Amino acid sequence: MSVLDNFDSWKSFLGDRLHQAQGQGMDQSAVSDLAYEIGNYLATSVDAKNDQEAVLRDLWNVADEKEQHAIANMMVKLVKNEGNQP
């Protein structure tokens, strides 16, 4: 089963990656830029596996670049308390 199949698994996976990146010294600006790149990749190259991902993809696709950065930043905030924290 892919982490993309279940939204809670996806949030936990993202939370783990966020904590790992922060633990290795990645600053908030770099995290934000990476979240934007991942969001763009997912919206353009990966089929949504559930309703939540479909909504995020649709929002991403109608947003301008500034709004896409805001969506990426909100996803970072959403998952900051997910996953295994050090």
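Student: Which residues lie nearest the centre of the largest pocket?
Tutor: W10, L14, I38, G39 and L42 do, out of 27 lining residues. A pocket here is an open set of points on a 1 Å grid over the protein atoms alone where a 1.4 Å probe fits, with protein on both sides within 12 Å along at least five of seven lines; lining residues have an atom within 4 Å of a point. This is a predicted model: local features need pLDDT of at least 70, side-chain atom pairs need 80 or more, and totals for chains, interfaces and linings use all residues. Residues are numbered from 1 along each chain as its sequence is written, and side-chain values use heavy atoms, without hydrogens or water.

Student: Which helix supplies the largest share of that lining?
Tutor: Helix 2, with seven residues. Helices are DSSP runs of H or I, at least four residues long, numbered from the N terminus. Helix 1, helix 2, helix 3 and helix 4 (65-79) each supply at least two.

Student: New topic: K11. Buried or exposed?
Tutor: K11 is buried, with a relative accessible area of 14%; buried means under 20% and exposed over 50%, using a 1.4 Å probe and protein chains only. K11 is found in helix 1 (residues 7-23).

Student: What is K11 in contact with?
Tutor: L78, V79 and E82, leaving aside neighbours within four places in sequence. Contact means heavy atoms within 4.5 Å.

Student: And where is N50?
Tutor: N50 is in the loop between helix 2 (28-45) and helix 3 (51-62).

Student: Why does N50 count as buried?
Tutor: Because its relative accessibility is 14%.
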